[in-house]
Amino acid sequence: MSRARDGRLLRGAVLAVLAAGLVAPIAAGLWQTARAAFGIMPAIGATEAGLAPLRALLDVPGLGTSVTVTLVTGLGATALSLALALGLAAVAHARLASPFGTRLLAPFLAAPHAAVAIGLAFLLAPSGWIARLLAPIFGWVQPPGVVTVGDPWGVALIVGLAVKEVPFLLLMILAALSQVRLRQDMAAARALGYGPGIVWVKVIAPQLWPLIRLPVMVVLAYSLSVVDMALILGPSNPPTLAVLLTRLFSDPDIARLLPASAGALLQLALVVAAFAGLWSVERAARSAGLWWLRRGGRGVTAEPGLRLAAFGASALLALGALALVSLALWSVAWRWPWPAALPETWSLRAWSGNARGWGAALTTTLALAALTTGAALLLAIAWLEGEDRARRGRAGWAEALIYLPLLVPQIGFLYGLNVLFLQAGVTDHFLAVAWAQALFVFPYVMIALSPAWRALDPRLVRSAAALGAGPWRRLVAVKLPVLLTPLMTAAAVGVAVSVAQYLPTLFMGAGRVQTLTTEAVALSSGSDRRVTAVYATLQAALPFAAYVAAFAIPALVHRDRRALRGAAA
Amino acid sequence: MRIPLIAAAVTALALPAAADWQDTLAAAEGQTVYWHAWGGDARTNAFIEWVGAQTEARYGVSVEQVKLTDTAEAVTRVLSERAAGRDTGGSVDLIWINGPNFLAMKEQDLLFGPFVADLPNARYVDLSPGAPASVDFTVPVDGMESPWRLAKFVFNYDSARVAEPPETMAAFVDWAAENPGRFTHPDPANFMGATFLKQALIELAPDRGVLQEPVTDESYAATIEPLWAWYDALRPNLWRQGEAFPENQSVQQQMLNDGVIDMSMSFDPASTAAAIDEGLLPESARVFVPEGGTIGNVSFVAIPYNAANPEGAMVVANFLLAPETQAHMQNIEVLGSYSVLDPARLDAEAQAAFAALPDAPALPDLDALGPTLLEPHPSWMTRLTDDWARRYTR
Amino acid sequence: MSLSLAGLAVRFRGGPPLFPPLDLEIAPGQMAAVMGPSGVGKSTLLDAVGGHLAHGFSCEGRVTLNGRDVTGLPPEARRIGLVFQDAGLFPHLSVGDNLAFGLARSVRGRAARRAAVERALAQAGLEGMAARDPATLSGGQRARAALMRALLAGPEAILLDEPFSGLDTERRSEMRAFTLDLIRRRAIPALIVTHDPADAEAAGGPRMTLSAA
């Protein structure tokens with residue numbers, strides 16, 4: 001049938017673009033890194049294969065502690081985020097699933113990791129906002145001598161990661177809940193004498209797990225290899241492995257590139273080991289859970305635990321909100337000394353004095369966001385439409401392909417990719433950065449768009465076909481307008497992901513491409529919180545504006561269409 | 001007859017250079033110079049922006065500052081470009097550099113030059129052998145980098161909280177014991193943290209002379225013992241018991257401003273006054289130096305061998321050395337960094353411009369800063385910081 | 001004009017046929033009715049006739065429209081209209097634009113197209129509702145608008161999938177009469193899937209009951 005061939009062609013084209021643009025760079029980058037890890041990097045005169053780079057890596061002071069800290073923070077942040085998100089979903093899913101609830105989550109989803117980290121660093125520091133508010137109560141003359149930000153075990157980093165990952169997992173859980181017969185199962189199990197909390201743990205959560213396993217793996221891989229947040233909130237002596245490697249990769253001693261590459265492989269191994277660990281935990285939990293289930297006990301109550309988790313999640317979100325507010329305050333402060341609860345003097349000089357700097361960074365950030373989001377959205381639409389036309393569901397390998405860039409640690413392939421780009425003579429840093437960012441923007445756009453695309457009432461498309469509309473008219477005149485809200489939301493997600501990218505911009509941009517994020521992270525190791533706050537505020541405001549637009553534009557376009565107003569988000 | 005003859009001779013001597021400079025100016029016009037410079041100081045960033053505006057207006061050369069968290073990033077960038085065979089059109093045009101990074105680039109032939117003698121404004125600088133602008137951390141400059149600001153290690157403190165700062169490096173141990181947790185130093189992986197250790201090393205070394213030679217196992221073993229003894233006594237009373245350190249002096253200055261600690265340090269004697277002016281330190285912040293003086297060095301700019309815009313970079317380096325630029329830079333309301341020019345080589349007008357610069361209470365006069373100690377050979381710093389990392393990293 | 005199905009059967013993922021192969025001939029103006037328990041594949045039968053089968057379904061036999069074999073054609077080329085229970089009006093378009101979407105391309109010029117839409121609306125008792133949001137119409141109004149939209153496309157046959165089941169009893173018979181009347185006047189064959197014996201009774205054409213194969 002011509003229509004199926006049309007679909008196959010479209011799918012083929014999309015796959016070719018993805019293979020060349022997404023899989024090949026990652027594979028080639030990994031290959032370069034692996035070769036360097038075993039001593040082969042002809043560009044710097046290293047041609048002898050061997051384990052010397054690995055030995056040099058093991059010789060780096062504090063490597064063992066660094067790996068331990070990485071595991072503690074990565075696994076801790078993932079477990080904490082999952083527990084809190086599940087708890088909050090159990091207690092408040094009805095309210096959160098409403099358009100209002102999704103809008104409540106939007107600022108947290110939108111705020112880049114670096115901006116949240118910069119805000120939290122001030123909020124949580126011994127001389128920070130919370131301590132300043134408590135100082136009069138406890139009579140602190142000097143900031144208390146407690147260790148908060150940068151603590152050796154990375155608790156501050158775990159909190160920071162959780163502030164960002166809880167909303168993400170919550171959104172994924174809410175999306176998954178729509179595929180679970182929550183009301184019926186809840187009613188059926190409660191009629192059998194189980195309390196609602198126990199029903200969540202015994203009936204709902206096991207159904208949710210397969211639907212949120214991939215997002216949890218994304219969180220796990222991200223938490224184990226995050227750089228910007230770990231730079232700002234994590235321990236420094238030694239730092240987490242990803243930060244240690246970023247420093248090794250930028251060491252003036254060129255020979256350090258080899259142990260750095262070996263470290264990148266180690267980072268990769270840590271992530272793979274963590275996935276394996278997750279898999280064994282899943283299996284163990286299944287058999288233990290079934291044993292528990294078959295006993296049929298109704299006595300234990302899970303509500304206190306779930307409520308505690310929900311409270312913890314709410315407290316985290318409150319911390320995140322305060323962190324963002326403190327950024328805005330600092331950006332308009334002049335003197336804000338300890339222990340003042342609010343700035344002593346106010347000034348717009350941080351904004352006006354750096355207008356040229358943040359103006360340029362804002363322009364670059366906007367251009368990158370527009371380019372990468374536009375390209376990712378086009379590709380995502382082509383992919384989904386190809387599936388429709390070929391009348392095919394998504395194969396498992398295709399799903400894995402989408403998630404690939406989110407599961408491989410960035411540091412594992414970005415430096416190798418950078419070397420490849422240089423060798424290939426790619427001199428346009430802006431395009432190189434855009435490409436590297438798109439590797440991460442596309443998966444999130446796909447994740448955001450796919451469920452809504454599939455949930456589209458098939459009868460609308462059939463009606464259009466029966467009225468004589470061909471595939472292109474069905475796409476342009478029916479699907480895209482009806483899906484305007486999810487399309488805009490996916491675009492906002494794309495903008496948020498692009499704005500937040502740190503390592504790809506740093507490595508591929510050769511310092512020439514300065515975005516709000518790279519500038520904010522660079523300034524965060526400076527002395528002027530006010531200027532840092534200007535960049536971080538802008539950095540958080542830009543994706544937030546994209547989310548607001550994602551709500552406002554469909555509401556405006558469909559203002560006279562009741563069925564499309566406030567639907568989905 | 002003699003006077004025209006001399007004039008002719010001078011003209012003949014001066015002409016080629018002047019003509020070369022005209023060629024450089026012509027080639028530079030329209031170029032954008034990517035100046036890789038540590039970006040942690042807002043006033044320096046603003047000064048670099050001012051420089052760019054000036055060179056753009058005067059010579060058609062615009063400046064784009066690439067803000068680094070560590071100068072080593074720029075060195076790596078040039079290295080990886082060479083690794084990839086990119087020997088022209090490189091992404092780095094100018095680097096704010098000195099010490100080990102300069103040595104690394106010089107040793108690996110990653111620098112363009114010598115070019116300093118070609119800069120017309122180099123005539124205001126004392127470039128005689130052994131002069132501060134001719135030696136960088138004991139390494140001869142050889143015209144491969146051009147000076148632009150003077151750096152001298154100083155401590156600063158909040159006089160509202162600290163009555164008597166320590167008078168020697170040795171005295172820091174007692175001060176910290178009386179005020180546990182109220183002092184720290186930047187991580188020695190950062191040049192400021194390393195300088196703190198070097199400052200102590202110079203004071204405590206049995207024989208200071210060996211520090212001017214490349215380090216050997218023998219000289220290191222013979223010199224280092226008193227330093228670690230001193231440090232082991234100091235460290236338990238540092239902020240967080242010396243288990244964690246601020247990343248650099250900017251972060252530490254913020255800690256001083258927040259009241260987390262009572263003393264910080266800087267490589268710029270004017271930075272305290274400047275920070276007060278900027279609202280970044282309390283009015284009561286003051287500068288002090290230990291008896292016997294402190295380490296001093298000169299900040300340079302260098303041009304990588306593969307710079308895409310070397311002519312533009314030279315124009316910027318030359319503009320940095322203009323007396324009016326240096327006077328503007330030394331103005332406490334602008335940057336407050338001390339000039340690298342030799343006052344004896346300035347004309348009366350330029351000298352008057354320097355004399356007329358405004359003053360500030362936290363700005364130390366030159367006498368109070370004491371003598372300038374020479375930087376040890378860079379190999380000492382590398383050895384020292386590696387050893388520190390081994391001893392004190394968990 | 002006639003619609004004929006010859007040995008039509010649908011399988012899911014190569015499994016056994018969902019219902020025994022079907023032979024059916026529907027004359028112009030005639031309405032055939034298919035009944036059967038839910039889940040037996042009544043809607044799937046309509047999908048097979050209209051060319052809308054979802055992924056995993058495969059179809060055997062032949063669908064012929066006025067002697068033209070349409071079995072291999074995509075749905076937009078078959079000229080077979082489709083009306084659903086809750087109408088399937090496009091939520092992003094006004095009622096008038098929904099009708100204009102269906103209106104055959106042969107009607108040219110803005111004024112002429114608008115007049116055609118207005119005429120169709122008047123015929124369905126929906127005068128002056130062109131600018132309305134479909135979501136603000138009553139169930140009966142939506143059903144009539146959807147039928148008019150399908151007919152404006154000039155179909156050579158029409159498929160009705162439980163078209164009246166969302167309506168209360170009174171509106172139901174009214175809508176049923178309206179629909180049958182229109183189809184007779186247009187003289188096109190129609191195939192209705194329903195679980196209401198009254199619908200099948202009123203249709204007056206061939207009746208058959210699907211049962212699982």
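Visitor: In which loop is C:Arg79 found?
Guide: First, this is a predicted model: local features need pLDDT of at least 70, side-chain atom pairs count only at pLDDT 80 or more, and totals for chains, interfaces and linings use all residues. Residues are numbered from 1 along each chain as its sequence is written, while chains are lettered from A and ligands numbered from 1 in the order in which they are written. Helices (H or I, at least four residues) and strands (E, at least two) are DSSP runs, numbered from the N terminus. On that numbering, C:Arg79 lies in the loop between strand 5 and strand 6 (80-83) of chain C.

Visitor: Is C:Arg79 buried or exposed?
Guide: C:Arg79 has a positive phi of about 60 degrees although it is not a glycine. A residue is buried if 20 or more other C-beta atoms, placed from the backbone, lie within 10 Å of its own, exposed if 12 or fewer, and partly exposed in between. C:Arg79 has 21 C-beta neighbours inside 10 Å, so it counts as buried.

Visitor: And C:Arg13, buried or exposed?
Guide: C:Arg13 is not a glycine, yet it has a positive phi of about 45 degrees. It sits in the loop between strand 1 and strand 2 of chain C. It has 8 C-beta neighbours inside 10 Å, so C:Arg13 counts as exposed.

Visitor: Which strands stand at the edges of the four-strand sheet in chain C?
Guide: The sheet is open, with antiparallel pairing and the order 2-1-4-5. Two strands pair if DSSP finds at least two bridges between them. Each edge strand has a single partner strand, so one side of each is left without a neighbour in the sheet; these are strand 2 (22-26) and strand 5 (68-69) of chain C.

Visitor: Which residue is the bridge partner of C:Ser4?
Guide: Strand 1 (residues 3-12) of chain C pairs with strand 2 of chain C in the antiparallel sense, over four bridges. The partner of C:Ser4 lies in strand 2 of chain C and is C:Glu25.

Visitor: What angle does the direction of helix 1 of chain C make with that of strand 1?
Guide: Helix 1 (residues 42-50) packs on the sheet, touching strand 1 and strand 4 (57-65) of chain C. Axes are lines fitted to C-alpha atoms, for helices over the stretch in contact, and angles run from 0 to 180 degrees between N-to-C directions. For helix 1 and strand 1 of chain C, the angle is about 120 degrees.

Visitor: What is the radius of gyration of chain C?
Guide: Chain C holds six helices and nine strands. The globule rule is 2.2 Å times the number of residues to the power 0.38, and the radius is taken over C-alpha atoms. That rule gives 17 Å for 213 residues, and chain C is close to it, so it is as compact as a globular protein of that length: its radius of gyration is 17 Å.

Visitor: Which pair of chains has the most contacts?
Guide: Two residues are in contact if their C-beta atoms, placed from the backbone, lie within 7 Å. Chain B and chain C do not touch, and their nearest C-alpha atoms are 49 Å apart. Of the two pairs that touch, the most contacts are between chains A and B.

Visitor: Which helix gives the most to the side of chain B that touches chain A?
Guide: That contact takes 49 residues from chain B and 42 from chain A. Several elements of chain B each supply at least two residues, including strand 1 (32-38), helix 2 (42-59) and helix 13 (378-392). The most, nine residues, comes from helix 3 of chain B.

Visitor: Which helix supplies the largest share of the side of chain A that touches chain C?
Guide: Chain A and chain C put 24 residues each into their contact. Helix 19 (458-466) and helix 20 (471-482) of chain A give two or more residues to the chain A side. The largest share is six residues, from helix 19 of chain A.

Visitor: How many residues does domain 2 of chain B give to its contact with domain 1?
Guide: Bounds from an automatic or database domain assignment divide chain B into domain 1 (30-150 + 297-364) and domain 2 (154-296 + 370-392). Their centres, taken over C-alpha atoms, are 26 Å apart. Domain 1 gives 19 residues to the contact, and domain 2 gives 24 residues.
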